[in-house]
Amino acid sequence: MAEYDLGASFIPALYKPADLLPIAKHREALLYLIETNAVTIVVGQTGSGKSTQIPQFLEQAGWCEDGKIIAVTQPRRVAATTVALRVAEEVGCEIGKEVGYSIRFEDVTSASTRIKFMTDGLLIREALVDPLLTRYSVVMVDEAHERSVSSDILLGLLKKIRKRRPELRIIISSATLQAEDFLRFFTKDAADEVSDTPTTDQIGSIVSLEGRTYPIDILYLESPAEDYVEKCISTALDIHVSEPEGDILVFLTGREEIETAVQAISERSAQLPPHSKSILPMPLYAGLTTEQQMYVFEEAPANTRKVIFSTNIAEASVTINGIVYVVDCGFVKLRAYNPKMGIESLTATPVSKAAAAQRAGRAGRTKPGKCFRLYTEESFRTLPDATVPEIQRSNLAPFILQLKALGIDNVLRFDFLTPPPAELMTKALELLYSLGALDDYAKLTKPLGTRMAELAVEPMMAKTLLSAQSFGCVSEILTIAAMTSLGGNVWVGQEEEKRRVESTRRKFAAEEGDHLTLLNVYQAFVTKGRKEGRFAHDNLLNFKALTRAVSIRAQLKRYLERFGIAVDESLSSYGTGNNKAEQIRRCLTTGYFAHAARMQPDGTFRNVSGDTVLHAHPSSLMFNRKADWVIFHEVFESGNKIYIRDITKIEKGWLLQYAPQYYQIRS
DNA sequence: GAGCACTGC
């Protein structure tokens, strides 16, 4: 404790010498554990230095001899890059030399790289080429407690690899709550392999590292709040009036709530008592541009308290200094997947105890803090311990395809940390079969299935891309694939005047629907707007997203060329009624036949079986146009409506032509 | 007739 206080009083916050981190005194013990255990679970509090120090300890202890590399995986790209930069600085090397990182589109490593930070998804991809990950002597899976689909799958793979490579060392960083689960996962049914290992090493053990956080007072409501948005607003104002200095972070569930709260604070701050400090409300959610997000990191003007209304983005992805008060509304929007209808939804759900603890922890980063939970202590006790892992509530088709490509044929018996519901697996297998990626024996087809697995787009788009050659529209589908991967981030300016948004979009509109409109946008961007930000700005386009589309397209093109598919980049016209447009629409149908719908006289859509009402999303051209049969990229439920987005007109006959079995089964 | 939490290859 004394060391803790000393550090706090004498060491400037921006620079903490590694020697003074609590982890330093555990160095020898940690190295011994890793040496003698195949699997080490590290329970480290925020600020324990685990992600930055452990790789350096390992490197110094000789784990990189004979050219082997230490891999550290992160769930997010920003974490992979920023942690790598910090370690490179501590080591005193240029980034990309001894310490490097690798994320999609950015491989900053070299032949001399010994410590490599990367996203967990990327390491799974490396396993496609090197199934035993032989380049690595140690793999550290950081933030495994977040339970993303890719970190779960990576752990399953590592467990399998370990049986063939007993010398591989696996380190898993976890929150307290789940450490035992991880250990049990690696220990169970390990008994039968003891004969393979000459020593009597145990499989794994858990080690805890203390962090550097300050005490946090947790306060609950005496009785439940009726309207948590209103309660968040009034609580923030109460804190501002009656609590000492320090910024406020308020967790809400989405954009709409956040904008409401920000506006309410601006309005009500006029009624604050005279002589009181000002209060500055700020929104924070992923949909904002980077520039807009940057405001929350700036120091507030003198005599002003910042109050940041944020989504879950501030729970793990983003750290803001100076937060002393946290207000937790008790809810989070979580994705769910309905395998029967193949529809994703996003619903406000009560947070887990682990998430509530994580949110509260955001208050104690710089000094002792307070967390106001806008629910009763009794309802806190009824919360689930942890959020349901993502693998149990997602469309699994992309991951099943990856597992198959890794040679794991019997995916139903793959060793999952938590097995997904059988229904999700069945649905994914059915889709992959109907796309032709799997054969009657559920084996990956060649070359279609193996190629689909290699392409970094979802299976329906992968199939579309691989059909494009026979329709003579490879270049156009490449663009459409890149544009749809942006996930609705193409347009900006939803707060702009609606009429202006409409007229601006009309400039790019194609009669056939959204996919061809996206193609027009991209072509205009690369011919006119790539160099000057003005073009994007004037046309309400997201410059950053379009630049990303250029990279994605280039990467997908390289894949196709490797498969021997020629890409003709000559700009041919594909205007209304011309044959190119029809070929593109036919090609899209070969991948998206399962996403077909027909417009009803009232302007809504019905799916093929007719049992589900679908609404064109207001961002779609088909929102206010007439159509008959269409295919769509995406379907999701929001509020009490089911929306479809990125919609293109097709002919009914094409469905039977390109997916005969699929539609026979259903008729 | 009116709007998606967060990641990732």
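Helices (H or I, at least four residues) and strands (E, at least two) are here DSSP runs, numbered from the N terminus. The structure is a predicted model, in which local features need pLDDT of at least 70 and side-chain atom pairs count only at pLDDT 80 or more, whereas totals for chains, interfaces and linings use all residues. Residues are numbered from 1 along each chain as its sequence is written, chains are lettered from A and ligands numbered from 1 in the order in which they are written, and side-chain values use heavy atoms, with hydrogens and water left out.

Backbone geometry was examined at several loops. Most residues other than glycine have a negative phi, and most peptide bonds are trans. Glu 143, placed in the loop between β6 (136-141) and α6, has a positive phi near 55 degrees although the residue is not glycine. With a relative accessible area of 21%, Glu 143 is partly exposed, where buried means under 20% relative accessible area, exposed over 50%, and partly exposed in between (1.4 Å probe, protein chains only). Phe 105, in the loop between β3 (99-103) and β4 (106-108), likewise has a positive phi, near 75 degrees, and counts as partly exposed at 30% relative accessibility. In the loop between α15 (422-434) and α16 (448-454) lies Pro 447, and the peptide bond that leads from Lys 446 to Pro 447 is cis, with omega near 5 degrees.

The nonpolar interior was considered next. A nonpolar core is taken as a set of buried Ala, Val, Leu, Ile, Met, Phe, Trp, Tyr and Cys residues joined through side-chain atoms within 4.5 Å. The largest such core holds 114 residues, of which Leu 155 and Leu 455 touch the most other members. Helix α22 (residues 543-562) gives the most to this core, contributing eight residues. Apart from it lies another core, of 29 residues, including Ile 34, Ala 84, Ala 88 and Tyr 101. When neighbours within four places in sequence are left aside, Leu 455 is in contact (heavy atoms within 4.5 Å) with Arg 125, Ala 462, Leu 465, Leu 466, Leu 556, Tyr 559, Leu 560 and Phe 563.

Helix α22 also meets helix α20 (residues 514-529), the two axes coming within 11 Å and crossing at roughly 100 degrees; axes are lines fitted to C-alpha atoms, for helices over the stretch in contact, and angles run from 0 to 180 degrees between N-to-C directions. The helices α20 and α22 are therefore roughly perpendicular to each other, given that angles under 35 degrees count as roughly parallel, over 145 as roughly antiparallel, 65 to 115 as roughly perpendicular and the rest as oblique. From α20 the contact involves Val 521, Tyr 522, Phe 525, Val 526 and Gly 529, and from α22 it involves Phe 543, Leu 546, Thr 547, Ala 549, Val 550 and Arg 553. These residues divide into eight nonpolar, two polar and one charged, where Ala, Val, Leu, Ile, Met, Phe, Trp, Tyr, Cys and Pro count as nonpolar, Asp, Glu, Lys and Arg as charged, and the others, Gly among them, as polar. Helix α20 is mostly covered, with 12 of its 16 residues buried, among them Asp 514, His 515 and Gln 523. The buried residues of α20 pack against α18 (474-484), α21 (533-538), α22, α23, β20 (629-638) and β21 (641-649).

Lys 159, in helix α6 (residues 149-164), counts as buried at 3% relative accessibility, and beyond its neighbours within four places in sequence Lys 159 is in contact with Phe 185, Phe 186, Lys 188, Asp 189 and Asp 415. Arg 586, in helix α23 (residues 579-592), counts as buried at 17% relative accessibility and touches Phe 471, Trp 654, Gln 657 and Tyr 658, residues up to four places away in sequence not being counted.

For residues 236-407, UniProt lists "domain: Helicase C-terminal" in an unreviewed entry; UniProt positions are given in the numbering used here, feature names are shortened, and annotations may be inferred rather than shown by experiment. The end C-alpha atoms of residues 236-407 lie 54 Å apart, and the span is 31% helix and 28% strand. Ile 400, in helix α14 (residues 397-405), is buried, with a relative accessible area of 2%. Ile 400 and Ala 428 are 28 residues apart in sequence and 7.2 Å apart in space, C-alpha to C-alpha.
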